[in-house]
Amino acid sequence: MPSSKHIPAIRSTTILAAMAFTLTLATQAQTNSLPDAPTPSTAGLASLSPQPDLTFFTADPLQQSTSQPPAQNPAPPSLSDLGLTPDQTKADPDAQARLDRRTHMLKIHQKLGLLTTIPIAAACISSAGATPDRNSYGNTTSRDVHVGIAGLAIGMYGATAYYAIRAPRIPDSGPARGGIKIHKYLIWIHAPGMILTPILGTMAFNDIAGGHKPGGIEQYHSAVALTTAIAYAGSIVAVSWPIHMPFTGSK
C-alpha cells in the first residue's frame, strides 16, 4: 500500500494521463471530421485564373467609332404635339389690329377722363356765385363763368365717353371684373347726372330770376351735381387702385 507521501504524485500522474487521453480523443475526432483537401488540376486552375479581354486592343478604333452612332438630342415638342391645330396657331391680323385700336382708344379715354375732373371741380366751385338775384338776371359774369365751365366739363365728358363706347369689342373676352366692374356700375350714376345737372340748373335759374323759389325737381340741382361729381371721382378711383369687392367676382 503506498504511503501517504506518494499519494499527491499518483494523483498528479493520473490527472496528466487523463488530460493526455482527452486531448488525444479530441484530436482524433477533429481529424476524422475534416474532409480531404482537393487535388489541384490544370483545368481547375484555368477556370480560376482570370482571362484578360483583348478585344479592345485587337479591334480597329475607326471601326468602333463608326459602328456606334453618336447620341442625338431629342427634338422638342411641336405645337401639334400639344394639341394645337394650324388654324389655332395662325396669326390673325384683323384681331391684332382690333386689339391695337381698342388699346389706343381706351388710353385716350383714360387721359380725357382725368383731364375732365378739372372743369368738373371748377364748375362745382364757381356755382357759389351763379345764383341770380330775385327778379333780376344780374351778376351775369359769375353766372356766365359757371355756365362756361360747366359746358366745357360736359363737352369733355362726352368726348371721354365717346372713346370708351367706340372702342372695338374683343369677342369672348368675358365679363368685367374687379375695379372695371365698379367703374361700369358708376356710369349709371354720373352719366344721367351729367345730363340732368344742366337741365335742373336752367330750371332753377329761371325760377329764382322770376321771383319764385324752386319747389320742384329743380331744387335738387346742387345735390344732383354733387352726386355726379362724387360718382365720377369714384369711377376714376375704381380703375386706379386695386379694389377687389366680394360682389365683383374679382380674382
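The following dialogue explains the terms used to describe this predicted model.

User: How do you know which residues and features of the model are considered?
Analyst: Residues are numbered from 1 along each chain as its sequence is written, and side-chain values use heavy atoms, with hydrogens and water left out. In this predicted model, local features need pLDDT of at least 70 and side-chain atom pairs count only at pLDDT 80 or more, while totals for chains, interfaces and linings use all residues.

User: What makes up the protein chain, helices or strands?
Analyst: The protein chain has nine helices and zero strands. Helices are DSSP runs of H or I with at least four residues, strands are runs of E with at least two, and both are numbered from the N terminus.

User: Why are α6 and α9 called roughly antiparallel?
Analyst: The axes of α6 (residues 93–126) and α9 (residues 221–240) cross at roughly 155° and come within 11 Å. Axes are lines fitted to C-alpha atoms, for helices over the stretch in contact, and angles run from 0 to 180 degrees between N-to-C directions. Angles under 35 degrees count as roughly parallel, over 145 as roughly antiparallel, 65 to 115 as roughly perpendicular and the rest as oblique. The two helices are therefore roughly antiparallel.

User: Which residues of α6 meet α9?
Analyst: L112, G113, L114, T116, T117, I120 and C124 in α6 meet A229, Y232 and I236 in α9, where contact means heavy atoms within 4.5 Å. By class, this contact has seven nonpolar, three polar and no charged residues. Ala, Val, Leu, Ile, Met, Phe, Trp, Tyr, Cys and Pro count as nonpolar, Asp, Glu, Lys and Arg as charged, and the others, Gly among them, as polar.

User: What share of the protein chain is called buried?
Analyst: Of its 251 residues, 18% count as buried, that is, under 20% relative accessible area, with exposed over 50% and partly exposed in between (1.4 Å probe, protein chains only).
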